[in-house]
Structures are given as structure tokens and as C-alpha cells.
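Here is a friendly note to read with the model open beside you.

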Amino acid sequence: MDKLDSRLAAAAEFVKEGTVAADIGTDHGYLICHLVNEGICTRGFATDINIKPLESARALIKEMELEEEIETVLTDGLEGLPEDEIDEVLICGMGGETICGILEKAKWVKSEMVHLVLQPMSRADMLRKWLLENGWTIDEEKAVEVEKHLYTVMSASYIGGSETPDDFYCLTGELAGNSDDCSIKYLRWQAKIQRGIAEGLLRSQREKEHALIHIQLADMIDEQADETENER
Ligand SMILES: C[S@@+](CC[C@H](N)C(=O)[O-])C[C@H]1O[C@@H](n2cnc3c(N)ncnc32)[C@H](O)[C@@H]1O
């Protein structure tokens with residue numbers, strides 16, 4: 001019944017014990033059912049914007065006899081959820097832009113009392129930038145590989161203020177400090193993407209300066225990966 005892939009397993013590890021979680025875009029409900037079944041969360045909310053995925057979550061909740069502890073809600077993002085009851089917001093398996101949009105609309109999550117666990121399927125760079133600009137700090141990240149795709153899972157807390165992270169941070173986040181194979185693979189992948197962008201720009205003579213910025217970024221990321229590998 002416990003069907004967590006490494007993405008959702010990493011997300012579960014970031015969830016604080018004894019909390020009430022809202023699993024936004026729950027789909028099958030695997031994450032929230034795992035958290036409540038294992039006693040990590042005392043109870044939770046499973047939400048989805050679409051009825052079909054919510055129905056599959058309801059079926060799993062029923063199968064695992066967790067109806068008393070997990071409430072299902074058909075809603076867009078965090079709309080209409082009881083803000084004073086939730087201390088963990090989990091948004092996994094969505095694009096970085098969608099995650100920012102959901103958080104942007106729910107002002108109450110901007111609180112030291114609410115912890116975020118986020119797993120973007122794309123645009124992790126823009127999500128990191130948006131979080132720091134909007135008062136969050138990324139406490140920790142974990143890189144995971146699922147079916148040859150690399151993802152990051154983030155733990156984030158609200159501290160207020162606003163910071164403008166540089167491009168290196170946006171692309172690597174807290175993974176730059178990790179020494180596990182998957183984090184290093186993630187860094188190498190990011191460096192490769194920057195070199196690919198530079199190559200494309202170099203084909204147009206007018207974009208040479210712009211290309212150099214991407215090459216410098218790729219070099220910095222590769223250097224960080226080399227350094228971490230050498231220190232292991
Ligand atoms: C790819 S699934 C991810 C499921 C699960 N969270 C995971 O990581 O395995 C994305 C789910 O998010 C839901 N979704 C997309 N946009 C949403 C929104 N604005 N609010 C709530 N759910 C949303 C979709 O209906 C879908 O069930």
C-alpha cells in the first residue's frame with residue numbers, strides 16, 4: 001500500500017513529526033497516506049484541483065482506513081483550506097511556476113509556523129529565486145533520480161525579508177553543499193544545460209557576450225562538483 005518513489009520518499013523525510021499536513025495536488029494520495037499511516041503527521045488534507053485524482057486518493061484513504069485522519073478537498077491550490085490547522089504544506093510533482101502561483105495566492109503560508117516541502121518537476125531555478133525574493137529560506141535540498149530524470153526536493157521556512165539570489169544559487173540551491181552522488185549528478189546536469197545554452201548563443205555572433213555568462217556559470221558549477229568530489 002506504501003507506494004512512495006524516491007521523490008516522494010525524500011519529501012516525506014523533510015516533513016516534521018507531529019504536524020498536520022496539506023498535500024496539494026495529491027493525485028493518488030500516496031504521500032499523505034504514508035505520512036499519516038506512519039504517524040509522522042497526526043492528520044492531513046489531501047487536495048486536488050481535479051475530481052478524478054481526488055477520487056483515487058479517496059480510494060486509497062479508504063483502503064488504508066484513514067478516513068478519520070485525512071480530509072479530501074477539491075480545490076485550486078490552498079484555497080479554502082483551514083489555515084489555522086495546517087503547519088506543513090507539501091507541493092510535489094508540479095512545475096516550478098505552478099508551485100509559485102499556488103503559494104502566491106495563499107498569503108497565510110507566509111508564516112514562521114508553516115513549513116514547506118516542495119518538489120518541482122521543472123523550473124527549480126525560478127522556484128528558488130521566487131522563494132528567496134518572497135521571504136523564504138531553503139533549509140535543505142535533496143536530489144533524487146526517478147526513471148533517469150533528476151529532481152530536487154526542498155525544505156523551506158519563512159523568515160521574512162527579501163533576498164536576490166545569484167544565478168549560481170538559482171541553478172544549484174542547497175544541492176551545491178551536498179556530497180552524495182545524486183547531488184553531484186544534478187550539478188553536472190545543470191552545468192551541461194548552461195553549456196548547451198552557450199553553444200546555441202555562440203552560433204549567433206551577436207550573442208557572444210551573453211554566451212560567455214553561461215560558460216562561466218557552467219564552469220563554476222563544474223568546479224563546485226569537482227571540489228565536492230575531491231573532498232569526499
Ligand atoms: C503529476 S501529479 C503529482 C501527484 C503527487 N503530488 C506526486 O508528486 O506524485 C499533479 C497533480 O496536481 C494536480 N494539480 C495541478 N494543479 C493544481 C492546483 N492548482 N491545485 C491543486 N491540484 C493541482 C493535478 O490534478 C494532479 O493530480
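The points below go from the whole chain to the sheet, its helices and the ligand.

1. **What you are looking at.** Please keep in mind that this is a predicted model. The chain folds into eight helices and seven strands. Its radius of gyration is 19 Å, close to the 17 Å that the globule rule gives for 232 residues, so the chain is as compact as a globular protein of that length. If you follow the C-alpha trace along its principal axes, the span is about 60 × 35 × 30 Å.

2. How much of the chain is buried? Buried residues account for 40% of the 232 residues. Contacts also reach across the sequence: among those between residues at least 6 apart, 67% join residues at least 24 apart.

3. Seven strands form an open sheet in the order 3-2-1-4-5-7-6, and the pairing is mixed. Which strands stand at the edges? They are strand 3 (70–74) and strand 6 (136–146); each has a single partner strand, so one side of each is left without a neighbour in the sheet. On average, neighbouring strands of this sheet are turned by 15° against each other, direction ignored. As a reminder, strands of a sheet pair through backbone hydrogen bonds, either parallel or antiparallel.

4. **Strand 4 and its two neighbours.** Strand 4 covers residues 88–94. On one side, strand 1 (residues 19–24) runs parallel to strand 4, joined by four bridges. Here Ile24 stands opposite Ile91 of strand 4. Strand 4 also pairs with strand 5 (residues 115–120), again in the parallel sense, over six bridges. Ile91 has Leu118 as its bridge partner in strand 5, while Met94 stands opposite Pro120 of strand 5.

5. **A closer look at helix 5.** Is helix 5 mostly covered or mostly open? It is mostly covered, with seven of its 10 residues buried. Among the buried residues of helix 5 are Leu127, Trp130 and Leu131, and the list also includes Arg128 and Lys129. The cover over these buried residues includes helix 4, strand 5, strand 6, strand 7 and helix 6 (167–172). Just after helix 5, look for Gly135, which takes a positive phi of about 100°.

6. **Around the ligand.** Which residues come nearest to the ligand? Of the 17 residues around it, they are Gly25, Asp27, Pro53, Cys92 and Gly93. Strand 2 (41–48), strand 4 and helix 4 (96–105) each supply at least two residues of the shell. Strand 4 gives the most, with three residues. By class, the shell has seven nonpolar, seven polar and three charged residues.

7. **One thing to take away.**

Conventions: Residues numbered from 1 in each chain as written. Predicted model: local features only at pLDDT ≥ 70, side-chain atom pairs only at ≥ 80, totals over all residues. Near = placed C-beta within 6 Å. Nonpolar A, V, L, I, M, F, W, Y, C, P; charged D, E, K, R; others polar. Rg over C-alpha atoms; globule rule 2.2 N^0.38 Å. Buried ≥ 20, exposed ≤ 12 C-beta atoms within 10 Å, placed from the backbone. Contact = placed C-beta atoms within 7 Å. Pairing = 2+ DSSP bridges. Axes fitted to C-alpha atoms, helices over the stretch in contact; angles between N-to-C directions.
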